[in-house]
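My plan is to go from one element to the next and write down what I look up.

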Amino acid sequence: MDLIDTPIKLPDFKVIDTTRGDGRSGADAAAAARDAALDGGRVLRAGGLVAFPTETVYGLGADATNERAVARIFAIKERPVINPLIVHVRDEYQAAELVDFNDMAQKLAHAFWPGALTLVLNRKPSGPLARAATAGLDTVAVRVPAHPMAQALLHQAGVPIAAPSANKSGYLSPTQAVHVLMQFKDGQGLNLIIDGGPCPVGVESTIVDVSTERPVLLRPGGVAAEDIEAVVGPLAVRDTTTITAPGQTDSHYAPSIPLRINVLPKDRQKGESLITFGPDMPRRAAVNLSKSGDLTEAAANLFTMLRALDMPGIRGIAVVPIPNQGLGQAINDRLTRAAAATTANATKGPPKVNDPIGNIKI
Ligand code: TXA
Ligand code: MG
């Protein structure tokens, strides 16, 4: 691969649609995906920022070896500089150039990569990563994404891609390109947005710290903890009293209106929209995460439905209890954080208006 580019003028807020919409044929869509990967690779190598689809959520990517490009991610996301980024790599071999890959990591990589699992490992002191990407920590979070667009971009870029979720710090992660468009403006430094359609998993990756002997679950996510435990045995759960990264605090992933969890349909308050789950729910609910009670489908719908309800005229969101197994753990984690953050922000008390939206169906 020829990685030596002539200097390019970085585009501003350019969008490439690689989906099959607008009457495109399959061949056109494949060509668009190739063009997007080529363009995206060039922009990344030139120090620009590219929003791209992964199977979990959209990422906001920069060359992970370029200090200035990585700093720009923190600036446009308004992310605290002490919150390290996930470094995306093509495969295990590229990961091993950046981190000390141990036996447990190998086992997990074989079982779940490419996929929605991020591994925290000790950073190779001589490795090429920008210090800003890891917020100066001696560990690095690495992931091999499975999404074909993300894979194509990694191949064309030829460098590891540091990418947090492509949202403003603290807000819900984007699972569609339009969510990215709604969060950023032109002229802010986001050069290219690659639209690859909705993200199939819909919640962020599971993060497991394997830098020490006992694996620790830092964030439940797109790979169920039970599946990971079947490979490496019991996971320790992170000690919430010692926060090693701000992503581990509770005030994350929040819509802008109050959200209550574990609410039975009969306890919904006026003005609140109800999110339900499963077949036995009242039809008056605003939305159902999965009518068939499928937690994987519910995870894929979660952020899109929360965004759809986070709008003027809706005073609050109430969510019924969600089973805490499989992807339900990730769903409950995000909902608990959202509830904590919105409770902390809420000064107005419970919703007061007259049930404006509790009975619409989307
Ligand atoms: O699915 C995903 O993981 C998406 C896609 C784009 O890959 N990315 C994502 O990134 O969710 P972000 O930045 O929104 O969340 C990364 C989390 C943060 O909570 C951060 O604190 C944690 O990973 N993290 C990064 N490096 C870490 C490290 N060395 N030790 C512990 N936690 C780390
Ligand atoms: Mg995020």
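Which residues of α1 are buried? Before answering I note that this is a predicted model, and then I list Ala 33, Ala 36, Ala 37, Asp 39, Gly 40, Gly 41, Val 43 and Leu 44 as the buried residues of that helix.

**Entry: the chain as a whole.** I looked up the confidence and found that the mean pLDDT of the protein chain is 89, with 87% of its residues reaching 70 or more. Over residues 347-362, however, pLDDT stays under 50, and the model has 32 contacts beyond four places in sequence for this stretch. I count 9 helices and 15 strands in the protein chain, and buried residues make up 51% of its 362 residues. Among the contacts with a separation of 6 or more, 71% come from residues 24 or more positions apart.

**Entry: helix α1.** I went back to α1, which covers residues 26-45 and has 20 residues. From its first C-alpha to its last the helix reaches 29 Å, close to the 28 Å expected at 1.5 Å a residue. Its buried residues pack against several elements, and I wrote down the strands β1 (14-17), β2 (49-52), β3 (59-63), β7 (161-162) and β8 (190-195) together with helix α5 (148-157). After the helix comes Gly 47, whose phi is positive, near 90°.

**Entry: the sheet of 11 strands.** In what order do the strands of this open sheet stand? I read the order as β1-β8-β2-β3-β7-β4-β6-β5-β9-β10-β11, with mixed pairing. The edges are held by β1 and β11 (236-237), each of which has a single partner strand, so one side of each is left without a neighbour in the sheet.

**Entry: strand β5.** I then looked at β5, which is mostly covered, since 5 of its 6 residues are buried. Toward β9 (residues 206-209) the strand is joined by 4 bridges and runs parallel, with Asp 209 as the bridge partner of Val 120. Toward β6 there are also 4 bridges, but here the strands run antiparallel, and Leu 119 has Val 142 as its bridge partner.

**Entry: around the ends of β5.** In the loop between α4 (103-112) and β5 I found Pro 114, which a cis peptide bond joins to Trp 113, with omega about -5°. The loop between β5 (117-122) and β6 (139-143) holds Asp 138. Is Asp 138 buried or exposed? I put it down as exposed, because it has 9 C-beta neighbours inside 10 Å and the cut-off for exposed is 12 or fewer. Leaving aside neighbours within four places in sequence, Asp 138 is in contact with Asn 122 and Arg 123, and its C-alpha is separated by 8.3 Å from that of Lys 124, 14 residues away along the chain. Ala 135 lies in the loop between β5 and β6 as well, and its phi is near 50°, a positive value in a residue other than glycine. With 16 C-beta neighbours inside 10 Å, Ala 135 counts as partly exposed.

**Entry: Glu 78.** I noted another positive phi, about 55°, at Glu 78, which is not a glycine. This residue lies in the loop between α2 and β4 (86-88), and it is exposed, with 9 other C-beta atoms within 10 Å.

**Entry: the sheet of 4 strands.** I found a further open sheet, with parallel pairing and the order β12-β15-β13-β14. Its edge strands are β12 (259-260) and β14 (287-288), each of which pairs on one side only. The parallel pairing of β12 with β15 (residues 316-319) runs over 2 bridges, and Leu 259 stands opposite Ile 317 in β15.

**Entry: Ala 340.** Last, I looked up Ala 340 in helix α9 (residues 328-345), which counts as partly exposed with 17 C-beta neighbours inside 10 Å. Ala 340 and Pro 258 are 82 residues apart in sequence, while their C-alpha atoms are 9.2 Å apart in space.

How values were computed. Residues are numbered from 1 along each chain as its sequence is written. Chains are lettered from A and ligands numbered from 1 in the order in which they are written. This is a predicted model: local features need pLDDT of at least 70, side-chain atom pairs count only at pLDDT 80 or more; totals for chains, interfaces and linings use all residues. pLDDT is the predictor's confidence in each residue, from 0 to 100. Two residues are in contact if their C-beta atoms, placed from the backbone, lie within 7 Å. The expected span of a helix is 1.5 Å times one less than its number of residues. A residue is buried if 20 or more other C-beta atoms lie within 10 Å of its own, exposed if 12 or fewer, and partly exposed in between; C-beta atoms are placed from the backbone. Two strands pair if DSSP finds at least two bridges between them.
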